[in-house]
Amino acid sequence: MTERKPPGVPFESWAEKQIRDARARGEFDRLPGAGRPLPEDLESSYDELWWVKRKLAREGVSVLPPALALRKEAEDALAAAYAAPSERIVRKILTDVNARIRDMMFKPPPGPPLGMKPYDVDEVVRLWRERRAADGSRGSDVQ
């Protein structure tokens with residue numbers, strides 16, 4: 001327990017003395033976060049959900065409405081299809097994402113509208129073949 005401030009001693013001098021004495025006793029040596037910079041958000045206003053936001057950021061979780069999450073998934077699937085090593089894999093990637101797009105089209109979730117339609121698998125395969133031919137690799141293999 002800390003001692004009481006003696007009368008007549010300025011508060012600032014007394015507090016500084018308490019800190020110096022505690023530092024000399026080693027009471028600050030093994031505190032959590034010792035040696036690390038202070039968080040950047042110290043100056044911001046108080047947020048009741050700070051701990052939730054910090055945990056989501058630490059775990060890399062993104063909270064998007066289902067339609068936006070599916071848009072991102074569809075864009076990633078199309079990029080993966082164009083980079084796929086075989087036509088069979090291109091068709092598999094697009095068939096899987098198209099099933100999710102169709103499902104959301106017929107059972108709209110809350111949030112913004114999806115605004116997408118399933119990919120034309122044959123058209124994407126045609127473009128995939130053209131890209132492979134332009135890169136000089138064989139792209140018509142069906143595996």
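Author: Glu87, Arg91, Asp122 and Arg129 are joined in a network of salt bridges, a salt bridge being a side-chain nitrogen of Lys or Arg within 4 Å of a carboxyl oxygen of Asp or Glu. This is a predicted model, where local features need pLDDT of at least 70, side-chain atom pairs count only at pLDDT 80 or more, and totals for chains, interfaces and linings use all residues. Residues are numbered from 1 along each chain as its sequence is written, and side-chain values use heavy atoms, with hydrogens and water left out.

Glu87 is buried, at 4% relative accessibility, while Arg91 is partly exposed at 30% (buried means under 20% relative accessible area, exposed over 50%, partly exposed in between, with a 1.4 Å probe and protein chains only).

Helix α5 (residues 121–134) holds Arg126 and Glu123, three residues apart, so about one helical turn separates them. Their salt bridge has its closest N and O atoms 2.5 Å apart. Arg126 is partly exposed at 36%, and Glu123 is partly exposed at 32%.

Elsewhere, Glu27 and Arg25 form a salt bridge at 2.6 Å, N to O. Here Glu27 is partly exposed, at 47%, and Arg25 is exposed, at 54%. Searching the whole structure gives 13 salt bridges.

Note on methods
Helix = DSSP H or I, 4+ residues; strand = E, 2+ residues; numbered from the N terminus.
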